[in-house]
Amino acid sequence: MPKIDESEVRRIAHLSRLNPTDDEVRLFADQLSAVLEYMEQLNEVDTTDVPPTAHALPVRNVFRDDEPGGCLTPDEALAAAPARDGSFFAVPKVLEQDSV
Amino acid sequence: MTQPSLIEIRDAIRSGQTSSREYVQTTLQRIEQLEHRLGMLISHDAERALAQAEQIDAKIARGEPVGELAGVPILIKDNLCTRFGTTTAGSRILENYRAPYDAHVVERLQQAGAVIVGKTNLDEFAMGSSTENSAFKPTRNPWDLERVPGGSSGGSAAAVAAGVVAGTLGSDTGGSIRQPAAFCGVCGLKPTYGRVSRYGLLAYGSSLDQIGPFARNVRDLALLLHTIAGKDHRDSTSVDEPVPDYVAALDRPLRRMRIGYAEEYFGEGLDPEVRAAVEAALDVYRAAGAEVVPVHLPHMKYAIACYYVVAVAEASSNLARYDGVHYGHRTARPKDYLDVYCSSRQEGFGAEVRRRIMLGTYALSSGYYDAYYLKALKVRTLIRQDFEHAFADVDVIASPTTPTPAVRIGEKTSDPLAMYLMDIYTVSVNLAGIPGLSIPCGFTRAGLPIGLQLMGSHFAEEKLLRIAHEYQSRTDWHTKSPALAQP
């Protein structure tokens, strides 16, 4: 019994903003299940009272002087855009559809 | 014939004995001869490189001061942003992407006068251990064209092994510098987390990623690290620790060396020839007067599971920025706004990147966060503490870099988990944020290189490099080149 079935793969794909094909959904269900099963071995470890490490070094908040610096011009920022409209990134209409 | 080192090339250019233009032309000729066989590069610009070389040569001729790497040809991994050319990360989604800025390390190399000739092939977004996940082509191992060069910085490792250049940059999230260095018989260093600014490195696992050098010897690694290390305010995780003169430090041998030997690195799955070569390397250290003492890393066996949870979780978040809106590939006829995201990403990302995004999304999703992600962060603490305890007693820990020599092309591609397990000895270094390097320590009977991994404590690169240099002053494995590297 795989850890995650095809409907779960479709749910994760949607959260990930991906459109897998049906063949891929079947393949990924097997492959992702195998990896997740391997990851389950972490449950063997007793982590009672162990704090999580999100960062390997004890990095604290880093302050610097609040001085204005350079930044990209609108043309530089838009130079790689797939579509632009004046000084904006252009996309298909967002409204007039069901919210997601 | 031994290939010239980075420092030899630098000195020859600086003294006027050989011009930068000649070295750059040699690099371009090697690319011409070898690229179709090896697939090392995603892009290169001969005209730009020759023009830069001529500028350096003119400066030297006029007696003007030049940088530490003036005129030396270098290649960098194609996940480092450059204003020139494209920055693809080995992905279709960035196939034509032109970055509007240079990465910090690119600025540093250019300030030092290095000539960046081109950008090397990699597993897409640095996700892979064989460079077979590049969207453009696989890279082949210069020692055996039927085998992988390792990954994800496979192009950078192969280019040094093949004698195309003497130094390259890569990035290492779970072994992506050290593992290809081992497979290709070259030296590779992953610095301490925070040692090198990652400004302009396309992010994969932000709590793990670090940029580092490849070269043929430790002295060249030291010079490249010295060039790129240091605080940069544009990467708030870079640390304001002094940057010692790593090269000068190599000439001060350590009076006493304590080298840790952790049996966890010598267990099941380790190839007998790799084991024999690493044990022979420990004998070299013993002969040099080092003490080899046992240390214990009891949580090592959880490192792969821990690493892949953390890495894919961070990847799923980092790669959300590739949305088909701001830059990169956009699907041709989106059904609606949501489809701009979904179809652009589906078309632009390869299978392994999509698997990791989905795994990470799952591990972070409601109901699974505590079981996978939070659990992994706690195990990460235990892995880090294992190293802290060990380094209270020893200067470095020695291990094999990889459990086997280079695998055949296609051998692991259908089984993602088998591919992940190739990183078994390298990932814990990234989880702990410590520095690690791989240097050549022998060959299998079939002629494949074997790597010795040395790991040190946080910001102990100087000691790590000195101990690695000690080995290279007593052995000549690092001077061996594959047949095709001979001009």
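## A strand tucked inside chain B

Strand β4 (residues 167–172) of chain B is largely enclosed by the rest of the structure, because 6 of its 6 residues are buried. Keep in mind that this is a predicted model.

Side chains in a regular strand alternate between the two faces of the sheet. In β4(B), both faces are covered. Gly167(B), Leu169(B) and Ser171(B) are buried on one side, and Thr168(B), Gly170(B) and Asp172(B) are buried on the other.

## Who β4(B) pairs with

Take strand β2 (residues 73–77) of chain B: it pairs with β4(B) in the parallel sense over 2 bridges. Here Ile76(B) has Leu169(B) of β4(B) as its bridge partner.

Then there's strand β6 (residues 210–215) of chain B, which runs antiparallel to β4(B) and is joined to it by 6 bridges. Asp172(B) finds its bridge partner in Gln210(B) of β6(B).

## Chain A at a glance

Chain A has 3 helices and 2 strands, in the order α-α-α-β-β along the sequence. Its C-alpha trace spans about 55 × 45 × 25 Å along the principal axes. The radius of gyration is 23 Å, whereas a compact globule of 100 residues would come in near 13 Å. Of the 100 residues in chain A, 17% are buried.

## Where a helix of A meets a helix of B

Helix α1 (residues 6–15) of chain A packs against helix α12 (residues 351–364) of chain B at an angle of about 95°, with the axes 9 Å apart. That angle makes α1(A) roughly perpendicular to α12(B).

On the α1(A) side, the contact uses Ile12(A), Ala13(A) and Leu15(A); α12(B) brings Met358(B), Thr361(B) and Tyr362(B). Sorted by class, that's 5 nonpolar residues, 1 polar and no charged ones.

Methods
Residues numbered from 1 in each chain as written. Chains lettered and ligands numbered in written order. Predicted model: local features only at pLDDT ≥ 70, side-chain atom pairs only at ≥ 80, totals over all residues. Axes fitted to C-alpha atoms, helices over the stretch in contact; angles between N-to-C directions. Helix = DSSP H or I, 4+ residues; strand = E, 2+ residues; numbered from the N terminus. Parallel < 35°, antiparallel > 145°, perpendicular 65-115°, else oblique. Contact = placed C-beta atoms within 7 Å. Nonpolar A, V, L, I, M, F, W, Y, C, P; charged D, E, K, R; others polar. Rg over C-alpha atoms; globule rule 2.2 N^0.38 Å. Buried ≥ 20, exposed ≤ 12 C-beta atoms within 10 Å, placed from the backbone. Pairing = 2+ DSSP bridges.
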